Amino acid sequence: MNQTPAAALQILQSVFGYHAFRDPQGEVIDTLMAGRDALVIMPTGGGKSLCYQVPALALPGTAIVVSPLIALMQDQVAALRQAGVAAAFLNSTQTAEQARAVQAQVRAGTIKLLYVAPERLLLPATQSLLQAVRISLVAIDEAHCVSQWGHDFRPEYIRLGELALLFPGVPRMALTATADETTRTEIIHRLALNDPCRFISGFDRPNIYYAIEQSHGSIGAREQLLRFIQGSHAGDAGIVYCLSRKKVEEIAEWLSAQGLTALPYHAGLPAALRERTLRRFLDEDAVIVVATIAFGMGIDKPDVRFVAHLNLPKSIEAYYQETGRAGRDGGPADAWMRFGLGDVIMLRQMMSESMADEAIKRIEQHKLDAMLGFTESTQCRRQTLLGYFGEERAEPCGHCDNCINPPHTWDATIPAQQALSCVHRTGQRFGVSYLIDVLRGKVDTRIRQLGHDQLGLFGLGASLSITTWRGIYRQLIARGYLLVQGEHGALALAESCRPLLQGRHTLWLRTEPTAKDRPVRPARSRVQFAHPDDQALWEALRAWRKNLASQHGVPPFTIFHDATLLDLIDARPRSLAELAQISGIGAHKRDAYGVAVLAVLAPFTHSAQGQNQPGHRQDRQSEHIKKTPVPTARSETVEQTHILFKSGMHIDAIVQHRGLTPTTVYTHLAELITQGALTLREVVELPEAEIARIQTLMHAQTEPGTKPLFEALGGQYSYDVLRCFQAARHLKTPSKGE
Ligand SMILES: [Zn+2]
């Protein structure tokens, strides 16, 4: 790493504002600058992009960066331009004119880094453009997309092997955050890398705290989620994953009603709305996206402070990739999951009904077994995760739920045998609830009719609670002792349960948590300051950064990362020279923002002992806070309805789509009418004569409320529609079209 050409180090310092390379950045750069190919597997947040950005600037010519992720491409280019680098992209979001302008710059040789979507790169026109100029290197990001076995497979990636012939002698590198040994071989083979140097960094993400909670009998999933967010992540950005679109909409709606900014995201939403949600997530602080797995790949937001799962992912790979979106900036972050018996049954059921061919089914089955084993494990989460990826870790991590709150276990052999026998004795055709009723001796007509109250097992398990029994069944299913069959979730015995039934095995299970068991947390996972003065400066810097970012139309983190702001708080620089010592402030940013940053810092640095006089600076600070613009308040849920309505979606469809009641959607529309954002006629779609009749009656009305109007109209129009009329009535000046 010491041999890294001086030019590279000089670029790292002057352009990016970092003082030294992290391992193995320096070696990767050496390799590339020496003209060799490379395979780089580095965890998210490990500084992957610098591995090609620095040599791209050090070498003559233009570097090509292939990325399948348009949003990521745009943010990287925005961040590079903030650092004063000539970077551009070519993708489908551009107009023909914008693309031509970029092509002209490439032809003139003024672009150092060109980001291209793979399908665009493979167009003959793009190829002839690039073959006519000097190419310094080719970097292929998200290289695991080449693997047909992975869940991110992109068919166009297969053709990227052609780049070897198109640009002979140009060093190429493939980069990804996740690739097991098979995938690595596949990447090298398909991308036709020429004897590449391999750089495989560890998989560990030490800043992430892993925690998995079982569902509590008395607390719903969303309450558990809210407790987690409010307890550890008030004011933070995060992602909440759910399995279905319906659940996504429901959770987003509910979190919004609790006063959080929570936006739904799934493949069923119009592209414009998805784009807007993504932009808000990147550009604002404290936005929570509630999403199906459709959201995430290529979200390069560094300051996502938590990823929450309200369902079980299907594999550890999926879990690791999704949780890996938290804490890319290296700051403290949480991976939190909540699941219950229902999830386990559903996944097992999906697997048994899968139409995939046997070989694929076996692989999927194996992956699901590993995932379920991980969730029920009493071992250190990190050891289990890293072990799955083939990385041994000698010691427990001390930074996961199982390390901090070692789970209690109990010898559940006898109840487990009873649970299995009950499945057997009732004919292997009942679901968990029925089985528990039999075990607990419930007085029930159906049980009596089927004669199950005559079984020796009936009532044998009355001393254990329903929660405990559900936990036993969950763990028996998770461990594969029981199979889930048929659409009603009927349980059947698996061959593997035999030793347990015959008493040749003992079974230790996790003790089920009760509602009172509040998990103990080691420390809060958000940025916290011991001193109020530091907190105030943090707020002031974030407000300044946000303001500047919106002026430039870029995400705040492209101006300065949180880590840079924290360094500023620690160091309190008072001159441009001192500022240049801060990590993440290169020459371009120092020149562009240095004076402004020093002005924000000034009220906090004016005494030599800096941090010893908080009271005085406290007052100055509140002026900063007040200057932060407050966005106009229209709740997010109303705005979602607004966008869907404006995109031409019919009201019934919005009701369906969002899983809300018609009255709720009409209430949103009425509010939008009051605000002048929609007109009455857009919403109600009635003939003019009818509108006039309703309005006349409404104006003649002497009693307040909607009911008298409803009755005066003989119940011909719904309350929902009439409320829209009343909303329009309160408008002082009719908006356009009224
Ligand atoms: Zn641990």
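These legends walk through a few close-up views of a predicted model. Residues are numbered from 1 along each chain as its sequence is written. Because the model is predicted, local features need pLDDT of at least 70 and side-chain atom pairs count only at pLDDT 80 or more, while totals for chains, interfaces and linings use all residues.

**View 1. Here is the largest nonpolar core, with 88 residues.** Such a core is a set of buried Ala, Val, Leu, Ile, Met, Phe, Trp, Tyr and Cys residues joined through C-beta atoms within 7 Å. Buried means 20 or more other C-beta atoms within 10 Å of a residue's own, exposed means 12 or fewer, and partly exposed is in between, with C-beta atoms placed from the backbone. Val240, Val289, Val290, Ala308 and Leu435 touch the most other members. At least three residues come from each of domain 2 (208-404) and domain 3 (409-512), with bounds from an automatic or database domain assignment.

**View 2. Now look at Asp195, with its positive phi near 40°.** Asp195 isn't a glycine, and it sits in the loop between helix 10 (181-190) and strand 7 (197-200). Helices (H or I, at least four residues) and strands (E, at least two) are DSSP runs, numbered from the N terminus. Asp195 counts as exposed because it has 7 C-beta neighbours inside 10 Å.

**View 3. Gln428 also has a positive phi, about 55°.** Look for Gln428 in the loop between helix 19 (413-425) and helix 20 (432-439). Its 14 C-beta neighbours inside 10 Å make Gln428 partly exposed.
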